[in-house]
Amino acid sequence: MDLIARISEHFGDSARLKMDAMDTLAVPIALAVEHMSECLLADGKILSCGNGGSAADAQHFSSELVNRFEIERPGLAAIALSTDTSILTSIANDYDFSQVFSKQVAALGHAGDILLAISTSGNSRNVIEAIRAAHARDMRVVALTGNGGGQIDELLRDDDVHICVPATSTARIQEVHLLTIHCLCDGIDCLILGVE
């Protein structure tokens, strides 16, 4: 096996997908930035959730808002719902793993808040239930998916935002999700701080 060639192929595939997806995803990413900025400026918060690598992405997003991204600014209200092991395990044990995020959304979410729902397949049951809970709380949803959007695509409302990576490879979808998260953070900073 030629590892150098294989590694080079991964870099090439990732770069091509990002360039190919740019025109498709720029508009929904910009719309998500506008909604998130409006939410934060109105003293709302952004809850985020996902499983596995998507849980790490949810945590990455919230850490960039609460701390900072690339520009110094006061912290912004964001909570990753995948971080409190006591909450996660008590809900999973007492109820069902499909409710680990939805019960938190019901407890913490308010009208005007936003849920950032991340699922590479678009079919994660607990993320789907979180979206249902967000809608019940009159929250807008920004969904980060891939692979056609799965069941999440069917759940979203007209005022939600769907950022669906046009790919089927989980690794490639996650790489574009990370870039999208950085675009969201940069855009939020630019709108809130008035950066040109």
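Select histidine 182 first: this residue sits in helix H7. The model you have open is predicted.

Now show its surroundings. Setting aside neighbours within four places in sequence, histidine 182 contacts His60, Glu64 and Phe69.

Next, select glutamine 174. Helix H7 holds this residue. Glutamine 174 has a relative accessible area of 27% and is therefore partly exposed. Display its contacts, leaving out residues up to four places away in sequence: Gly53, Ser54, Asp57 and Thr120.

Now colour four residues together. UniProt, in an unreviewed entry, lists His60, Glu64, Gln174 and His182 under "binding site". Two of these you have just visited. His60 and Glu64 are also contacts of histidine 182.

Zoom out to the helices. Select residues 53–66 for H2 and residues 170–193 for H7. Their axes come within 10 Å and cross at roughly 15°. Angles under 35 degrees count as roughly parallel, so H2 runs roughly parallel to H7. The crossing of H2 past H7 is right-handed.

Finally, show side chains along the contact. From H2, pick Gly53, Ser54, Asp57, His60, Phe61, Glu64 and Leu65. From H7, pick Gln174, His177, Leu178, Ile181, His182, Leu184, Cys185 and Ile188. Colour this set by residue class: seven are nonpolar, six polar and two charged.

How values were computed:
Residues numbered from 1 in each chain as written. Predicted model: local features only at pLDDT ≥ 70, side-chain atom pairs only at ≥ 80, totals over all residues. Heavy atoms only, no water. Axes fitted to C-alpha atoms, helices over the stretch in contact; angles between N-to-C directions. Helix = DSSP H or I, 4+ residues; strand = E, 2+ residues; numbered from the N terminus. Parallel < 35°, antiparallel > 145°, perpendicular 65-115°, else oblique. Left-handed = near helix turned anticlockwise from the far one by under 90°. Contact = heavy atoms within 4.5 Å. Nonpolar A, V, L, I, M, F, W, Y, C, P; charged D, E, K, R; others polar. UniProt positions renumbered as here; feature names shortened; annotations may be inferred. Buried < 20%, exposed > 50% of the residue type's maximum accessible area, 1.4 Å probe, protein only.
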